[in-house]
Amino acid sequence: MKTLLPIGPIQADSHGVHRELPGGARLSVDILEPALARVRLRPKGGYREPRTWAIAPQAGQDVPWHGRNRDDRSGFSCPQAQVTHTEGKVTLRTEAMSVAMGADTLALRWTDAQSRSMLEDRASGAYMASRRLGAVRHYLQREPGDRYYGLGDKTGPLNLHGRRLRTLAMDALGYDPRSGDPLYKHWPFVLSRSSTGAWCGIYYDTLAPCTFDLGCEHDNYHGLYRHVEIDDGDLDYYVIAGVSPADVIASFTRLIGGTRLPPRWSLGYAQTAMGLADAPDAQQQLDSFISRIEQQGIPCSAFHYGSGYSSRGKRRYVFTWNNDKFPDPKTLNARFHAAGMQVVANIKPCLLDDHPAYPQLAQQGGFIHDMQGKQPVLEPFWDGMGAHLDFTHPQTIAWWQQQLRQQVLDYGIDVGWNDNNEYAILDDDAQCDGFGTPMPMHRARPLHGLLMTRASVEAQQQHAPGEPVYSVSRAGPPGIQRYAQTWSGDNTTSWESLRWNIRTGLQMSLSGLFNVGHDVGGFAGPSPEPELFLRWVQACCLNPRMVMNSWKADGTNNVPWLHPEVTEHVAAAIRLRYTLMPYLWSLFERASSHHEPIIRPTFYDFPDDEECFADCDDFMLGADLLVAPVVERGAVSRSVYLPAGPAAWYDFSSGARLQAGQRHTVPAPLSSLPLFARAGARIALAAAAEGKVARHDDPIVEVRQFGP
């Protein structure tokens, strides 16, 4: 690694600062908005990847399929900043922040409107590059009191200070819920609260793998620092200032194109289980599920087909049907619809080498291929070897969309669930078409999850013009929220997973991923015991996504009646979701229009209450409700801190008034999810017609006022 040093004087005007570097490279700082700036290192020969698929600042306008020019400024106001020259140092100041560059180094110092330090480059060397590895590093000063959040689907405590983490999507089945890393997302965004109390965000716009060291590494000669290493990619980052975490998250989410507002039915409870679609008599099993859910009177808005509809043995063949297991899928799907359930089907971007469409796509160059003979790169996939589809190849996109329409949507299925799309291809020689400009896969892996999901969404739009479109994707980079809902992936059944998955969902929310959830009851591992199963349902019944999913070696499935002794309480938790549907829907609307997380840690709404930064199991559902799940075996009460700020808090069930800014021990019997409303909240409640099962579109029957 070589430290980059400037040559020549600082070049500055009211729009930015520029420094020339040895070898013809240049470091530039550009003011894009009063609270948004961009820093880019441009090598003499140009960027390694001159396009971006993340940056979409113009409301309602998507990035072109082939990408946006990295230096395109459309959608930004690019205001003039005040320029000050002092003893060789240059400072640019807007109404929201300032950035200063010294005369002799490349170190930048960022302060907020109150002159509090937000970010400061390491004085002993901030920017480094390796000719041998192609890697670049960015070093920042660090203070012991700094707090770091974000990076997508990260495990463990919310404050990431002291950890080393990677943004590299992997198929992480059975990951450790407290320390496992990386998981499924590539999300190089860090939300910071400095020791001075200033909030800011930093987003590295790269698809290359990144390693974030947030205080794990120490070197005596450099003091306290943190850094990011980008593996053979471009150093191109955005700095976002904000008075609060809400400001920073909203600005970042707006930068990457906002959040799709899904159809309202997608907010309902949904069921899936691999064991059902994998069964030899799968159609009969699913038919029985419909009958059972109707008999139990449990509201269910959707059924998600696992990939078993396309399986032969353990192998999965996307866009095919196993008619031995599903002799009449169209009739089955019609029955789901008649029972009030939409249908979602699992689809995968990899074709096994004995897939019937494999020869055709190989001939068309439709797969990720090597650099020499353009042969498909084969990787282990579902008990065989498979080649991943190239979603930067227009013919592949067209084939995918045609197959999705013919083999899925025309069968009466409403939505494609984009799964196994991490593109964990490790072959250094692998590359993709890049819409005519080839890209090595180590700089394009996350892009394919994004474009796969976009292809699915656009096919659904063409199939049902005018209807709101919804999709699901397990993997992807910033931008995936423009198309899809996501979740924490293939978790494992345990009390540990229940507890730590709550943090992972909140971490995604702090990262600009708002439509999130978890596999209720645990996907892999043992079947959940009755108490754990119920507490998991309660903990997730007020998440943005509520899907019960499982794949158990003993053949059991996580379904509401898994344990008859708690079925009544499981059903009650699901019904609570439908009772609160008008409130939940209003939060989805705000997520789309105001870029607000639906679930968030209490410090999001109460950043001036230091107690809210303590690690805990609680979360806010919008601005008015605090959810306090029970995550300990045998607990029938729990301690909960109710933040200072409101005049008081109220128990949602009993109406009891509780003092704000204090810790309370509240009852939590097995039948109860502790839930609290802030004073002044008005919560709209829905109810089904008498004798009917609750639905996502039931009318509002009451607006409950909590306190004066």
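**Entry 1: cores**

I looked up the largest nonpolar core and found 157 residues, of which Tyr-305, Phe-336 and Leu-621 touch the most other members. A nonpolar core here is a set of buried Ala, Val, Leu, Ile, Met, Phe, Trp, Tyr and Cys residues joined through side-chain atoms within 4.5 Å. Buried means under 20% relative accessible area, exposed over 50%, and partly exposed in between, with a 1.4 Å probe and protein chains only.

I noted that this is a predicted model, in which local features need pLDDT of at least 70 and side-chain atom pairs count only at pLDDT 80 or more, while totals for chains, interfaces and linings use all residues. Residues are numbered from 1 along each chain as its sequence is written, and side-chain values use heavy atoms, with hydrogens and water left out.

I then listed the contacts (heavy atoms within 4.5 Å) of Phe-336. Leaving aside neighbours within four places in sequence, Phe-336 is in contact with Leu-286, Phe-289, Ile-290, Phe-303, Tyr-305, Met-341 and Val-343. Another core, of 45 residues, lies apart from the largest one, and Met-101, Leu-108, Tyr-127 and Ala-208 are among its members.

**Entry 2**

Strands (E, at least two residues) and helices (H or I, at least four) are DSSP runs numbered from the N terminus, and two strands pair if DSSP finds at least two bridges between them.

Strand β2 (residues 7-13) pairs with β3 in the antiparallel sense over 4 bridges. In this pairing I found Ala-12 opposite Val-17 in β3, and a hairpin of 2 residues joins β2 to β3. On to strand β4 (residues 26-33): β3 pairs with β4 in the antiparallel sense over 5 bridges, and His-18 stands opposite Ser-28 in β4. The hairpin of β3 and β4 has 5 residues between the strands, and in it Gly-23 takes a positive phi near 85°.

I also checked burial: strand β3 (residues 16-20) is largely enclosed by the rest of the structure, because 4 of its 5 residues are buried.

**Entry 3: pockets**

I worked on a 1 Å grid over the protein atoms alone: a pocket is an open set of points with protein on both sides within 12 Å along at least five of seven lines, a cavity is a set where a 1.4 Å probe fits but cannot get out, and lining residues have an atom within 4 Å of a point. Points are joined across faces, edges and corners, and a volume is the space filled by probe spheres set on them.

The largest pocket holds about 570 Å³ of space. Its lining has 29 residues, with Asp-171, Phe-381, Trp-382, Asn-420 and Arg-474 nearest the centre. Elements α2 (274-278) and β29 (378-381) each give two or more residues to this lining, and β29 has the largest share, 3 residues.

The second largest pocket has a volume of about 400 Å³. Of its 19 lining residues, Leu-4, Ala-129, Ser-130, Arg-131 and Val-136 lie nearest the centre.

**Entry 4: cavities**

I found 9 cavities of 30 Å³ or more. The largest cavity holds about 150 Å³. It is lined by 19 residues, and Arg-51, Arg-70, Asp-205, Thr-206 and Leu-207 are closest to its centre. Elements β6 (51-52) and α7 (445-463) give two or more residues to that lining.

The second largest cavity has a volume of about 80 Å³. Its lining has 14 residues, the closest to the centre being Arg-260, Gln-481, Ala-484, Gln-485 and Asn-515.
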